[in-house]
Amino acid sequence: MGAGVAEVWRAVRPDGRYQRLLWWCGTALLASGAAHGVVAVIDFAPWWGPVSWRKPVLFGISFGLLVWSVVWLLRRLPARWWTRVPAGLVVFSSVAEVALITAQRWRGTASHFNQVTPADSAVWSVIGTLILPLVLGLVLLLIAVAVRFDGPAPSRIAALTGLAGVLVAGAVGQRMAAVGERVFEETGHVPYEVVFGPAGSAKLAHAVGLHGLQLLLLLAVLAEAGRLGARAAATVTATAAVGYTAVYTAITVTAWTGRAPHRPTAAMAALLVAGVLLLAGAGWVAVSRWWPGRGTGSIRAPRQVASYGPAGRPLASRTGGLPGRRLDPPPAPAEDHEA
């Protein structure tokens with residue numbers, strides 16, 4: 001198990017000072033999310049609502065994973081300014097947004113849609129403005145992956161599909177912002193939860209789009225590091241990409257039309273089930289062929305040694321021979337013939 005984890009780490013670890021800097025930024029975001037999770041447990045404050053520890057926790061973890069994914073992409077892109085600048089835009093926007101959201105929670109006020117005071121309004125305006133460089137960086141990275149990606153087919157498929165999903169999640173987030181601002185203008189209060197229509201789960205559609213990139217990249221790494229051939233690994237990753245696209249489409253369309261997640265239309269329910277099955281099947285194949293010690297693997301079976309009697313017949317096998325393997329007896333000694 002340790003050897004397999006080390007193999008995956010070699011595929012995703014940062015390479016060079018710039019990548020290490022971005023990787024540590026992502027690590028700091030993940031550490032912030034974990035630390036605020038501890039604060040949430042100690043504080044016993046409500047988990048849901050516009051003012052809760054849930055936002056520093058979830059935003060820290062989500063953006064931290066996104067930054068790690070960007071570092072993984074940089075390993076397979078040319079080390080040029082036109083790849084480093086978009087990556088820097090994504091990381092800067094992520095760190096700044098999480099910092100503002102966290103600061104607002106420590107102030108005891110809502111971070112999103114909040115325009116009660118001039119200070120709150122300024123923070124919300126900056127958060128909304130940070131989406132522009134974030135989206136620009138993601139679009140440029142998507143173009144770079146499509147044009148100059150230096151990696152095997154599974155990684156390329158995962159990167160293109162995952163980045164497209166993140167951009168769709170950005171469109172969902174933009175609509176969430178519009179709905180939240182409209183509610184604030186009508187009521188003068190920050191909405192408890194943003195929904196599309198009567199019951200569309202905007203948060204679910206937004207989250208699934210953000211984290212498809214990590215899921216597909218992990219499956220691609222496992223497929224490449226395992227015992228699958230190049231064509232089989234690409235097929236497994238493409239199957240997972242199709243499954244993820246089907247799941248995300250069903251969830252997003254259901255939310256966009258104002259339906260609750262557990263009440264999709266028949267067509268969206270069928271699409272969701274088909275996508276889950278494809279994802280589960282691809283994931284099982286990737287993990288089972290990567291898992292150390294299974295199948296042929298890299299662990300060699302011990303060589304069988306047998307003892308032979310006087311007549312050349314095998315008496316017993318020792319040293320853990322392979323079951324069912326037939327050993328040919330040594331050739332019989334030549335008989336002596338007298339002239």
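The second largest cavity of this predicted model holds about 40 Å³ of space. Its lining is made by Pro50, Val51, Ser52, Lys55, Pro56, Ile101, Arg105, Thr109, Ala110 and Ser111. Helix 3 and helix 4 are the elements that give two or more residues to this lining. Sorted by class, the lining of the second largest cavity has 5 nonpolar, 3 polar and 2 charged residues.

A search of the whole structure turns up 2 cavities of 30 Å³ or more. The largest cavity has a volume of about 40 Å³, and Ser62, Phe63, Leu66, Leu210, His211 and Gln214 form its lining. Here the elements that contribute two or more residues are helix 3 and helix 7 (202-225). The lining of the largest cavity has 3 nonpolar and 3 polar residues, with no charged ones.

The largest pocket has a volume of about 1000 Å³. It is lined by 40 residues, and the closest to its centre are Phe59, His112, Gly173, Met176 and His206. At least two lining residues come from each of helix 3, helix 5, helix 6 (153-187) and helix 7. Helix 6 gives the largest share of the lining of the largest pocket, with 9 residues.

The second largest pocket has a volume of about 330 Å³. Of its 12 lining residues, Val12, Trp68, Ser69, Trp72 and Gln214 are the closest to its centre. Helix 1 (2-12), helix 3 and helix 7 are the elements that give two or more residues to the lining of the second largest pocket.

| Pocket | Volume | Lining by class |
|---|---|---|
| Largest pocket | about 1000 Å³ | 27 nonpolar, 8 polar and 5 charged residues |
| Second largest pocket | about 330 Å³ | 10 nonpolar, 2 polar and no charged residues |

Phe44 sits in the loop between helix 2 (17-43) and helix 3 (54-74), and its phi is near 60°, a positive value in a residue other than glycine. Phe113 lies in the loop between helix 4 (81-107) and helix 5 (118-148), and its phi, near 65°, is again positive in a residue other than glycine. Are these residues buried or exposed? Phe44 has 74% relative accessibility, so it counts as exposed. Phe113 is buried, because its relative accessible area is 8%, under the 20% cut-off.

Conventions:
Residues numbered from 1 in each chain as written. Predicted model: local features only at pLDDT ≥ 70, side-chain atom pairs only at ≥ 80, totals over all residues. Heavy atoms only, no water. Helix = DSSP H or I, 4+ residues; strand = E, 2+ residues; numbered from the N terminus. Buried < 20%, exposed > 50% of the residue type's maximum accessible area, 1.4 Å probe, protein only. 1 Å grid on protein atoms, 1.4 Å probe; cavity = no way out; pocket = protein on both sides within 12 Å on 5 of 7 lines; lining within 4 Å. Points joined across faces, edges and corners; volume = space filled by probe spheres on them. Nonpolar A, V, L, I, M, F, W, Y, C, P; charged D, E, K, R; others polar.
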